[in-house]
Structure formats: structure tokens, C-alpha cells
Amino acid sequence: MKKFISIILSLALVISIAAIGGVSATEPVSSEILTECGGNCDVCPAIVVPGIGQSNVWLLDDDGEYVLDGDGNRINCFPGYFDIGKIVSKVLLPAILTLVTQKDMGFSNALAEALAGAFYMNSSDFNGKAPDCVEVEKYPYSVAECSDYEKEQIYGNIPLQDYANRVGEDHLYYFAYNSFGNNIDIVDELYAFIQQVKKETGHDKVNIVPISMGGTVANGLLDYYPEVVNDLNKVVYIVPALNGSTIVGDVMTKNITFLDVDYLYNGFLEGLMDEEDARMIEVIARILPDELLVKALDTAVDKLLADVFSKNTNMWALLPKEYYEEASEELLSAPEYAKIKEQTDRYHLAQVNSNKNIQNLVDNGVQVFNIVDYDFPLYNIGDAWNADNADGVIQLSSTAMGVHSALVGETLPADYVQQNTYCDDPAHNHISPDRVVDASTGLLPDTTFYFDGQAHEKTARNDVIIKLATELLATDNITDVYSTPDYPQFNYARDVRGLKNDRLPDAKNALANVEMSAEDKAELEAAIAEAEMVLNRTAGEEGDIEASDARIRAILVKIGVYAPEEEEKPSTIFTNISLFLYDNFGTDGYSELAAAAFCLYLEFVKEILSIIVKVL
Ligand SMILES: [Zn+2]
Ligand SMILES: [Zn+2]
């Protein structure tokens, strides 16, 4: 159930990318130099421009005080505030009436209203500005001046502690902004922030690190402020949404998979969660007739589009350029949207110019690096979810500056040859070892690093990605993908936490304290050595962390430190029921099934009666 809730939340996250501005315009700017180096060291200060949901935005009441939840905690506006009690009180009665009558007794509207209520703080006005009821938690100073709480927030989002230890926390800044804010205001603020950082660090240039949605902010920065090229030393993009996400494009144009009734009952949820959980929800969903359920979802989507998405310029920044004409015509044609359309038109231009503006950086001596993930299917929310390779949230051509690749699970054709669109060095091989990506077709083939099988949301947990970013920001050792075999162009997904924090300490502890045979001891020592080797190397092999973890686990079981893992046979009850219902009754709800069953029963009774009559 936990997983189900987290899926719903992440779905809400994806669906909700809505508006809010609420960002105060002026920050204190100090005129004195605050760094130890006085601006005379070799490392430019770095500014992180984080991704969606990576800034705290607090809900305020009419008096400007924090609104607190039932536990007395401040309420984070991202992705919305789901006051379960309020939602239930609004939806319960119409839901019961609808269930009893099997007709829509206000259920669709109540659900849509409840959802709108959960997102009201993310709804902009017709100027594209957020309401006054939100406050962005900002850090208008270097991390050196952040409180412990603030450091926890920052490093929790992007663990750059090692960078800070090497270079100094006075060379690290975090540009917090409202994910649902006003795109142009946010860009203005970032530009001002860059000037402030230059001034107070004494450095005449900065490095910026646009992450995910931060890529859209960078698009705006380069286009609205072309002079910023003189302020930048390096740009280190990490999974940037340079051409938005097709999920957002499909949602804004209502090309949504779950509005197709067949897919809703067989396929949609399976793409988002564990099959058995998905099937359980499908079985429960049949308490409503299928057309009623689809109507409720359709009404909810319309309401969210109208109230939240259509007025949110930061949401529009996540729309791929190919969708803009259709979506803006559909959602922004009415005269009251003129002010918003003006702004989204402006961003659209920045997005179209993205590659050109990045090339301009390179031509002016700015070092631009890009770190992207691939071979992880896009969440199956929009119809075009499998139209490109992806990292779960963003399609690869968006993060990797127009790169061409095979779809997830496929490879480039056998006769495919490297296109060399952007690389003219015949010695370079830019085809990935798995023959999925032709990196030569992305704008920066020699400075883009690819991570196979890496999920977007877990990017910051990949220690190699963080080490690479650190190396790029803290040193000039890496100038391209050929600088060192430690950081090759093509690398792998990994999450070392289990091995590093649990398995390896347990193994070392066992080695010191547990009696074992010489043979077992040798194996345990070898397993520890292997774990340390795979943890320390940055050019890994696919699955090496898992294999090392399994090896330690096996020997710890053998010597009795770990209990043997019981093979749990996963339950398939709901899968069988849901598939049986789908195969035999399509997408019908139970009431419709009951009607069908009743007709069959009447037929049966009629047959029996006629037989009896004949016999008589
Ligand atoms: Zn310095
Ligand atoms: Zn090349």
C-alpha cells in the first residue's frame, strides 16, 4: 500500500507541475568579499539550479503565517496538499450515492473539485503569477553561511559535500525557486543571483549546475540574458529538461493513456507499479461502471488543466517545443490568457534556441558538460511514452540535446553507422556499447556522459554521477569524455547504499567477531575486497554492485550471520481475477457484470421452465 501511495504521489507530481510565483524580488547584496580565497583561487563558485520539487515552498494563511498540518508541521506546497479529511468529506457522499445508484451522482465533479482544492496553492493568476499564500525557502548566501537545517535541505537534494569539503562551502550556492513559479521571474532572479555570487566571492565567473527542471531555467537564462556568457566558466547540466518532457506535452494536449478505457483496466497501472498491486486496484475500480470512472478521470484532468496547468508558465517550460502550437492553441486562445501566452511564447523561443545558445557558450570559451540517463522507459502516462528512449521522466533527446537513439529495449539497426552530426573526429566511437545511443548526434558528443538504466529520480543516488559532477566542478582534470578512463562516455546506473552502508560493515564486523572455517574466512575476505573495489571504481560494470552485494550476503548466510532469505512466492490472486474479468467482461463494472449475469440466469430459468412445461 505504501508503494501504491508513493505511486499516486509521484503521479500527482508528474501531473501537478503547476504554477506559483511567490518569489520575493530583492535579495540582500553584500559589497564585501566573503570568501577565504578573496576570489583568487582556481575554482569558480558553483550555483546549483535544482530540479522540480527540490525547493521548499511553504503554505501561508491570510495573515502570512505558516499553515500547519495535523502534526504541527509546515505544509510543503509541492506537489500539492492532500488534506485527506477534506477530500473525503467532499467526495464521500456523492461517491456513496454514485456507488448505490451506479450513476454519476456528482462524483466526477466532487472529485475534480477536491483535486483542484489540493492544488490551489499551485494555481497562477492570469498574469502567470503565483498566489500570495506561498513562500519559497531561499538561501541567498553561500552554503558556508547556511544553518545546519539549511545544509540538510541542500545536501539532501544534491549530495555535494565532497565538493564543498575540497573547495570550501563558501564556493557553493543553491538557487531555490518555486517549481510552480513564474518562469521569467525565476530566470530574472537567477541572473541577479549570479551577479551577487560574483560580487561576494570575488570571482569574475561562476559555474552553474542546472538539474532537470533547472535546465528550463538555464534555457531562459541563456536566451533572455545573452550577456551571461561572460559570467560563466562552466555549465554542468545534469539530466536537464532542455526540451521539456513528453509526459507534460501529452498531458497538456490530453493525449493521456489512462483515458483509454481498455488501457486503464489492463496495462496502465502495471506500467507504474507492481503487477499484483495494480491488478488489485483494477479489481476494486470495477465497483463503478467503466464509463463513469473514465468520466471522473476526464473531468479531473480538465479541471487540473484549466485551474493549474494552463496558467503556469513554469509548467509550460516543461512542454516539448513540438507540442507548443497545439497546446497553446487549445489552452491559451481565450483573450484572458493573453498575458500568459506572451510569456510562454517568449519561453518557447528560448527553448527553440536552446542548442544554438549552448553552442554560443562553447564558442565563447565556456566549458559545457552534460550528464544524462537512458534506457529507463518513460512513465506510461502520455500516449507518446515510448516514442523515444528516456530516463523515466524525460525523453533522452531532451536531456541529451537532440541525440538519436534506439527505443528502450531495442538497439540501433545492425547496419547503422555513426552519423557524426556534431563530431568530426573519425577516431571517436560515440555508439554506446549496448548499441542504443549514437552520441555523435547530440549537440555535445565529446562532453556528454551517459548512464545506462539509470532512473531520473535516483540520479543523485548514483555516487558516480555525483563524483563526476564534483570532479568537473572542483578541478579542470576532465575536459571531455576521453580525459580519463575513470569517467568514460558510457557508464551505468547504480545505487551503492545497501552495499556501502549495510553489507560491507556487516561483513567487516563478521570478519572481526565471528568464528569461521579458514575456507569461509578466505571467501569473506575476498568478498570484502571485491566490494571495496567495485565501490571505489567509477568506471563500473553493469550490475557489479548487486553482484557484490549478493556475494557478501551468501557468505554471511553460510556462516550464520544472516538468516537465509525465504523464497516468497508472490501472490497472484488479484492478477488472476483482474485478467479473468478483463478477458471475459472487458472493462465492465460489477453492476454491469451483475446485469449480464442476471440475463444469463433468466435464460437459464426460462430453459428450465420450458423443460418442465414440456414434461408436464
Ligand atoms: Zn575562490
Ligand atoms: Zn567526438
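Tutor: Four donors count as tetrahedral if all angles lie between 85 and 135 degrees; four count as square planar and six as octahedral if opposite donors are over 155 degrees apart and all others between 65 and 115; anything else is irregular. This is a predicted model, in which local features need pLDDT of at least 70, side-chain atom pairs count only at pLDDT 80 or more, and totals for chains, interfaces and linings use all residues. Residues are numbered from 1 along each chain as its sequence is written, and side-chain values use heavy atoms, with hydrogens and water left out.

Student: What makes the arrangement around the zinc ion (ligand 1) tetrahedral?

Tutor: The four donor atoms subtend angles of 102 to 120 degrees, and because the definition asks for all angles between 85 and 135 degrees, the arrangement is tetrahedral.

Student: Which atoms are the protein donors of the zinc ion (ligand 1)?

Tutor: Donors are N, O and S atoms within 2.8 Å of the metal (3.2 Å for Na, K and Ca), and water is not among the atoms, so sites may look incomplete. Cys37 (SG), Cys41 (SG), His171 (NE2) and His203 (NE2) lie 2.0 to 2.2 Å from the zinc ion (ligand 1).

Student: Why is His203 called buried?

Tutor: Its relative accessible area is 5%, and buried means under 20%, exposed over 50%, partly exposed in between (1.4 Å probe, protein chains only). Cys41, at 29%, is therefore partly exposed.

Definitions and conventions
Chains lettered and ligands numbered in written order.
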